[in-house]
Amino acid sequence: MDDLLEKLEQWNEADEYTRCIEAIEAVPAQERGYQLTLLLGRAYSNLAVLGDSQERRGEDDEDVDQGTLAHALEIFESIREEGENDPYWYSRVAYAVYMAEDREAEALEYAKKWLALDPENENARQLVDDCVDYLRQEDRRELFAHLDLYGQGNMDTVEAHIEAHFGKFDWIMHETKPGEYVHLDICVIPPGEEHSYYTLVTVGMGAYAMNAPQKEEARAELLINLPRDWRVDEGAWEDEHWFWPVGILKALARYPMTHNTCLGWGHTVYGSEESYADNTKLCGVMLLSPGAFDDRASVCTLLNGETVNFYQVVPLYREEIEFKRKYGADRLLEKFPDRLLEVIDPVRPNVITGAESAACDDTLTDKDKFHRCL
């Protein structure tokens, strides 16, 4: 028996799973016992997923031999009672179920039991994490299965609206890598006679219908105004001093998608534990109507009659966000001169404390930080 177990381990290490199966099945079923039966299930499982000599390694999950894998699971099931308190039994079942079709949630339960029985096992912990990550991705895929991209016609409509009401953009900041859920571009409108500052406007956020209480509130794009001396060339984006407003737009645009929520007028979102960059103490934002532009700028009508709302992003200090949470957006806005709302000033006065650099301390909990919409 010991000689057979030693050979089985050698063949398993050499990825010779068929030899393992043949050797174990040469032993009459009634004589195999728990250990050999468990190793037989392991051999069939590895053969289904990897193949002899790793012939399946690197191939897609769709190429797993599901029939052979099902047979492995039948073998494991036949010794469930004996394996009830054996972490190795749970490990083999967890891996097999994980590779079976559409059984990741079940695999997570087996992996959790494996980890509970063997808390120091890093492989168990990793499988739990892998299952959780996969299930989260599947939840998101289901959540965004209804994502209806603008299409070229609506894209042209949105861009025409931007040029008509915010100004002609001289270039578009295209995403060079595939974005999460939507492709997000940013139109860069240079300073002009009417507005002596840059305006950056997103195109792509509105392709997703947010989980909003009213249909007319379901789609949105965002804009932010930057001083005319702000560096907006691509070479500046490696420097957080210049990039953080762009980072705000990108993060906020996907916030409703990653949290199954909505953003709208008066909403505030914490953005950073301390501040967006070391040249500012601003650490969150509020969304407002683009008041410096004409009244029609705030809403664009798509080809199908649906509407897209445009919201201006106004960075705030921590004390300002806390004041808004307590008293509401209108009360906060009463304290703001228009000049402080129109264009970003990284060191503007704090309208609550009166200081130019109010500290955003680290007393906020994780829930209070960027992952919280108020």
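Trainee: How many aromatic pairs does the structure hold?

Mentor: This is a predicted model, in which local features need pLDDT of at least 70 and side-chain atom pairs count only at pLDDT 80 or more, while totals for chains, interfaces and linings use all residues. Residues are numbered from 1 along each chain as its sequence is written, and side-chain values use heavy atoms, with hydrogens and water left out. Rings of Phe, Tyr and Trp (its six-membered ring) pair if their centres lie within 6.5 Å, and planes under 30 degrees apart count as stacked, over 60 as edge-to-face and the rest as tilted. Counted in this way, the aromatic pairs in the structure number eleven.

Trainee: Is the pair of W89 and Y90 stacked or edge-to-face?

Mentor: The ring centres of W89 and Y90 are 4.9 Å apart, and both residues are buried, where buried means under 20% relative accessible area, exposed over 50% and partly exposed in between, with a 1.4 Å probe and protein chains only. Because the planes of the two rings stand at 90 degrees, the pair is edge-to-face.

Trainee: Which parts does the pair of W230 and W242 tie together?

Mentor: These two rings are also paired edge-to-face, at 5.4 Å centre to centre and with 90 degrees between the planes. W230 is buried at 6% relative accessible area, whereas W242, at 24%, is partly exposed. Since the two residues are twelve apart in sequence, the pair ties together the loop between β4 and α9, which holds W230, and helix α9, which holds W242; helices (H or I, at least four residues) and strands (E, at least two) are DSSP runs, numbered from the N terminus.

Trainee: Which residues is Y88 in contact with, leaving aside its neighbours within four places in sequence?

Mentor: Y88 lies in helix α5 (residues 87-99) and counts as partly exposed because its relative accessibility is 31%. With contact taken as heavy atoms within 4.5 Å, and with those sequence neighbours left aside, the partners of Y88 are L38 and R42.
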